[in-house]
Amino acid sequence: MTEPEPALRTQAEVYAPMEAAAAGAVAALPDFPGFASRTWHEVPCEHADEPDHVGVEVSYMFAEPLWGDPLVRETYAEALRGRWEADGLDVHRDDAVVLASGRTDRNVEALTPDGFNLWYRVSGVVGLVVQSGCVRRSEKDEIEYVPPTGGIAPGGPGDLVGGYFPEGIPRAGFEAGEADYSGL
């Protein structure tokens, strides 16, 4: 394995394009029922032991009653694989495991040209994860709020990013419809 390139982007710079990547994936899903939650996570960088680097994950999960639905377990995995291949992305993982219970778990992952990993995860839970790779850590006050995609109301009960905004999730422009985030 080759040594990863140094992180050129910051944590604050990756949220908007990661959210745009998630929105692009949602656009490929027929009869989309909407996600139940969105979270932002920071994960350690496997090649950087320095505290000034972090990996970012943007996770969208379907509601528990949908986790067994063939639409989200099978149809969406195939639709995303097809979309990502058609878009010329490197689909580097597509595996399925049939468990003793009869349930089939699946992972479909693709790498975007800007280095994001798109992961459609079908296991006990089902959802979409966008991973940044290693980036320079940002201070919380440098991170701007990016509204969610997939039917989650900005700042609503499924928008679980409040830990990044200690003063509360910014609502100006989102509730009144003044801000245009149709691209997300």
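Q: Which side chain joins that of asparagine 117 in a polar contact of 2.7 Å?

A: A polar contact is a pair of N or O atoms within 3.5 Å; within protein, one must be able to donate a hydrogen and the other to accept it, and residues adjacent in sequence count only if both atoms are side-chain atoms. Here the partner is glutamine 131. The side chain of glutamate 109 also makes a polar contact with that of asparagine 117, at 2.5 Å. This is a predicted model: local features need pLDDT of at least 70, side-chain atom pairs count only at pLDDT 80 or more, and totals for chains, interfaces and linings use all residues. Residues are numbered from 1 along each chain as its sequence is written, and side-chain values use heavy atoms, with hydrogens and water left out.

Q: Is asparagine 117 buried or exposed?

A: Buried means under 20% relative accessible area, exposed over 50%, partly exposed in between (1.4 Å probe, protein chains only). Asparagine 117 has 9%, so it is buried.

Q: How do the side chains of S2 point?

A: In a regular strand the side chains alternate between the two faces of the sheet. Strands (E, at least two residues) are DSSP runs, numbered from the N terminus. In S2, His53, Gly55, Glu57, Ser59 and Met61 point one way. Val54, Val56, Val58 and Tyr60 point the other way. 9 of the 9 residues of S2 (residues 53-61) are buried, so the strand is largely enclosed by the rest of the structure.

Q: Which strand pairs with S2 over 7 bridges?

A: Two strands pair if DSSP finds at least two bridges between them. Strand S1 (residues 37-43) pairs with S2 in the antiparallel sense. Arginine 38 has tyrosine 60 of S2 as its bridge partner. Strand S6 (residues 126-136) also runs antiparallel to S2, joined by 8 bridges. There, cysteine 134 is the bridge partner of glycine 55.

How values were computed. Helix = DSSP H or I, 4+ residues; strand = E, 2+ residues; numbered from the N terminus.
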